[in-house]
Amino acid sequence: MPSWMDDLIFAILPGTCIICEASTHRKLDLCVKCELELPWLNNACLHCSIPLPDGNNVCGQCLFNKPPFTRCYSGFVYKYPIDRLILDFKENQKLLIGKLLATLLLKSFPENFTPPDLLVPIPLHKSALKKRGFNQSLEIAEVLSGNWSVPMDTRNCRRIVETTQQKSLHQKDRANNIRGAFAIEKSYQGERIAIIDDVVTTGATVTEFARLILANGAASTEVICIARTPVQRTGQRSLTDQFLSRFEHQGG
Ligand SMILES: [Zn+2]
Ligand SMILES: [Zn+2]
């Protein structure tokens with residue numbers, strides 16, 4: 001939509017907050033108060049972005065088994081009202097909510113962030129795409145791509161296996177379930193690739209996809225998502241404790 005049209009629509013219908021329904025007085029359908037109250041991701045693991053208590057910067061899982069991607073950027077913790085908004089976006093085809101979430105995500109990047117060379121949204125299997133009618137990750141990637149003037153690759157990656165719904169599985173089963181689910185027909189020689197997903201839960205999907213992108217020549221991969229679940233992965237806390245206690249016992 002041309003920007004003058006955007007201005008015209010805003011002049012006639014000033015923004016209405018999608019959470020409290022108050023007039024927002026700005027070109028965003030979210031008021032300042034509701035925006036401040038969102039569960040922004042503050043302290044998180046430097047690699048996988050899982051929310052961590054203050055004072056911790058690497059989670060137990062990443063200490064012992066670093067993911068193939070360099071780091072994960074997430075705007076929010078996956079909890080109310082972000083969980084509801086994402087569900088509304090995906091299940092009720094509210095594409096404008098997706099655009100709003102992506103616009104908010106852009107605000108969460110650190111000032112020194114350098115945009116990647118290419119954005120690759122996680123592909124949906126064709127039957128899932130047919131059912132939903134759109135790929136939620138592509139909708140998010142489009143906003144980032146326009147804002148950073150970075151191209152998107154939506155043609156060379158495919159999901160070739162229709163996997164069981166990941167959310168119904170445990171972490172180990174998720175990794176097994178997703179193995180071999182993607183195919184890539186392109187060389188990403190030397191490029192810094194950002195994988196775009198809506199929600200990262202255990203990280204099994206983005207881990208598998210990042211491995212494949214690196215195997216196709218990428219120099220590095222990063223993950224960008226709207227929200228990260230706060231769920232502690234199996235054994236994570238005990239691994240962190242083990243690691244910390246090892247130093248304590250060495251008198252450090
Ligand atoms: Zn509001
Ligand atoms: Zn981590």
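The zinc ion (ligand 2) in this predicted model is held by the SG atoms of C45, C48, C59 and C62, at 2.3 Å. Donors here are N, O and S atoms within 2.8 Å of the metal (3.2 Å for Na, K and Ca), and water is not among the atoms, so sites may look incomplete. Because the four donor atoms subtend angles of 103 to 115 degrees at the zinc ion (ligand 2), the arrangement is tetrahedral; four donors count as such if all angles lie between 85 and 135 degrees. The ideal angle for four tetrahedral donors is 109.5 degrees. Along the sequence the donor residues of this zinc ion (ligand 2) are spaced C-x2-C-x10-C-x2-C. Both C45 and C48 are buried, where buried means under 20% relative accessible area, exposed over 50%, and partly exposed in between (1.4 Å probe, protein chains only).

The zinc ion (ligand 1) is coordinated by C17, C20, C31 and C34, through SG in each case and at 2.3 Å. Its site is tetrahedral, with angles of 100 to 118 degrees among the four donor atoms. The donors of the zinc ion (ligand 1) are spaced C-x2-C-x10-C-x2-C along the chain. C20 and C31 link distant parts of the chain: they are 11 residues apart, and each lies in the loop between α1 (3-12) and α2 (32-37). Helices (H or I, at least four residues) and strands (E, at least two) are DSSP runs, numbered from the N terminus. C20 counts as partly exposed because its relative accessibility is 40%, whereas C31, at 10%, counts as buried.

Of the 252 residues, 46% are buried. Among contacts (heavy atoms within 4.5 Å) with a separation of 6 or more, 71% involve residues 24 or more positions apart. The accessible surface, by the Shrake-Rupley method with a 1.4 Å probe and, for residues, only the protein chains shown as cover, comes to about 13600 Å², and 53% of it belongs to carbon and sulfur atoms.

One of the helices is α9, which has 12 residues, 204-215. From first C-alpha to last, α9 reaches 17 Å, close to the 16 Å expected at 1.5 Å a residue; the expected span is 1.5 Å times one less than the number of residues. Buried residues in α9 are A204, T205, V206, T207, E208, F209, A210 and I213. G217 follows α9 and has a positive phi, near 100 degrees.

Residues are numbered from 1 along each chain as its sequence is written, and chains are lettered from A and ligands numbered from 1 in the order in which they are written. Local features need pLDDT of at least 70 and side-chain atom pairs count only at pLDDT 80 or more, while totals for chains, interfaces and linings use all residues; side-chain values use heavy atoms, with hydrogens and water left out.

Definitions and conventions. Four donors count as tetrahedral if all angles lie between 85 and 135 degrees; four count as square planar and six as octahedral if opposite donors are over 155 degrees apart and all others between 65 and 115; anything else is irregular.
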